[in-house]
Amino acid sequence: MRAVILLLFLLLVSSKAEAFPENTRYGYSGCGSCHVSPTGGGVLTEYGKRSTEDLLSGQSYEKEGDVLHNLVATPDNIVNVGGDIRWISYQAYGLRRAFLMQADIEAATELPGGITVAASGGLYGKMSDPMSRRHYIRYQPTTELSLRIGRFFPAYGIHHADHTVVTRRSLGFGEGRETYNAELAYIASWGEIFITEVLGTDVAIGMDNQGYSLYSKSELGLTARAAYYLGESSQVGLSLLRLDYKKDYRQAFGAYLLWGLTENAYVLAEVDRQQTLTEPQFIAYTKLGVETIKGLTVFMDYGFDGGYQTNLGVQWYPRPHYEIQASMGAIARRLGEASDTATLLLHHYF
Amino acid sequence: MRALAIIAVLLSFAMSAGAADKPVNLKVESSTLTFKAVGNPGFIRINGEKGKIGGVAVENADTVAGTFEAQMDDFVTGLSLRDKHMKEKYLETKKYPKAVLALAPLKPDYGKEQDFTGKLTLHGVTKDIKGKVTAVKLDKGVQAKGEFGVVLEDYGIAIPSYAGVTVAKDVTISFELVAKP
């Protein structure tokens, strides 16, 4: 009952959305125009809401991206509120699982002196208790420079919305793996640099064959990411990571490319090499997307991390607040059997 | 007879020399006109596209001058509401529908990038500008490509701000055109 009330509340208030690195093709090199978070994802800025109307969605009316589709007048620019409700049906290895993956809300507000405070809370997977995966305070003394402390994903590689992408999952940036961090960011017209001290976390959510589960792990270390904007619609970047956990450690480095082929087509690519105490691992991911009609993108991706994962699918944003994604593909876990896959994702972001 | 032939040759020289001195009007037949600005936060690139240039270049014996204009309502930036704000609130296109560039006489060095100067009237304010242009002589007419910068405040245009994104005051304007007699 508590969950139902929370869901109804989430549906009635506010905009939040996942990261969209592919929007580099529109000249959106950084994430900070559309998202409160400088690394993307989470609650949208006012500009982000306008972008969901004009850039992302097939159709929209003026200010449809606003709270309650702008059907009810709300005070502007006091608090940005958003949230995500995602339901997924996933079939692989002869099993089909369908569940509510995420139902959360995030609020952010700007305080005097260049300070922004943001916090999220909600339900994730099979977790019955609400939790906050992201909360931070950010201080931005200049247009370029900012310092952020709190819980969020440290900057490394491409921040895909899909947490199952191999370069997210295999590098420890899967669903619920946000850590406490202190982040120094320098974002300029030529590119951006993020240096993040990872302060660890005690509680995280992981997904295995049985679904979501809670576990505890605390890695400490450092990540760094630097990007250089190429022309109007592309960028290249390098990432580094070194994290230690008791006597275990892992370190990784990688390169990525966000390539806007045209305003309607893009390529995302990332390669990483991760070294753990026991072995090295090569991880690679690439995705080609073509927006065939406004709001509807046909995509194909391939990821490799010892096993592989590939999909051919469509991603449709019919109107602001709604996303439907369907794909078919194949997956093979490392040293495991291969299986066909089918995925349907229904996403309401608000 | 011989004298007549000499007169005829001299006359033809005189006529051709006169033709070279006579100004030739080159009308802009095709063009692209864009602007680039940067918005913050996020350093987003704001590209104004679909601008068009009208006007006539006047080619004299060794210089080219001319007056060119653009309809400010032609520009689009990819976000319709942002365009509406840009045109209504900042550029005030109903009040100032056109931007006009009066090109100062320029001795063309075809095939090479060179500096040009002129007077730009934008938002009802006229200011001197400097830019770079590369012109290529065609069989008939001229092809030119170049860019120049403007500072919005110089033209009485408030620094545009839309949905929390503020545009930097420096805007780069790029053009490409073909002008023919």
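Student: Where does B:Leu103 lie?
Tutor: This is a predicted model. In it, B:Leu103 lies in strand β5 of chain B, residues 98-106.

Student: Buried or exposed, that B:Leu103?
Tutor: Buried. B:Leu103 has a relative accessible area of 15%, and the cut-off for buried is under 20%, so B:Leu103 qualifies.

Student: Which residues is B:Leu103 in contact with, leaving aside neighbours within four places in sequence?
Tutor: B:Val64, B:Ala65, B:Gly66, B:Phe68, B:Phe116, B:Thr117 and B:Gly118.

Student: What separates the C-alpha atoms of B:Leu103 and B:Val64?
Tutor: 8.3 Å. Along the chain, B:Leu103 and B:Val64 are 39 residues apart.

Student: Switching to the interface. How many residues of chain B are in contact with chain A?
Tutor: 17 residues of chain B, against 22 residues of chain A.

Student: And what area do chain B and chain A bury between them?
Tutor: About 1,700 Å². Carbon and sulfur atoms carry 57% of it.

Student: Which three residues supply more of chain B's buried area than any other three?
Tutor: B:Phe43, B:Arg45 and B:Leu79. They supply 39% of the area that chain B buries against chain A.

Student: How many salt bridges are there between chain B and chain A?
Tutor: Two. One salt bridge joins B:Lys84 and A:Glu62. Their closest N and O atoms are 3.9 Å apart.

Student: How many residue pairs are in polar contact between chain B and chain A?
Tutor: Eight, with both residues at pLDDT 80 or more.

Student: Which elements of chain B give two or more residues to the side that touches chain A?
Tutor: β1 (24-40), β2 (44-51) and α2 (80-90) of chain B. The largest share, four residues, comes from α2(B).

Student: How do the residues on that side of chain B divide?
Tutor: Eight are nonpolar, five polar and four charged.

Student: Now chain A. What does its pLDDT average?
Tutor: 87. Of its residues, 87% score at least 70.

Student: Where in chain A does pLDDT stay under 50?
Tutor: Over residues 1-14. For that stretch the model has 30 contacts beyond four places in sequence.

Student: Last one. Where is A:Thr52 found, and is A:Thr52 buried or exposed?
Tutor: A:Thr52 is found in helix α2 of chain A, residues 46-56. A:Thr52 is buried, with a relative accessible area of 5%. Not counting residues up to four places away in sequence, A:Thr52 touches A:Leu44, A:Ser57, A:Gly65, A:Pro320 and A:Tyr349.

Definitions and conventions
Residues numbered from 1 in each chain as written. Chains lettered and ligands numbered in written order. Predicted model: local features only at pLDDT ≥ 70, side-chain atom pairs only at ≥ 80, totals over all residues. Heavy atoms only, no water. Contact = heavy atoms within 4.5 Å. Buried area = accessible area lost by both parts, 1.4 Å probe. Salt bridge = Lys/Arg side-chain N within 4 Å of Asp/Glu carboxyl O. Polar contact = N/O pair within 3.5 Å; in protein donor to acceptor, adjacent residues only side chain to side chain. Nonpolar A, V, L, I, M, F, W, Y, C, P; charged D, E, K, R; others polar. pLDDT = per-residue confidence, 0-100. Buried < 20%, exposed > 50% of the residue type's maximum accessible area, 1.4 Å probe, protein only.
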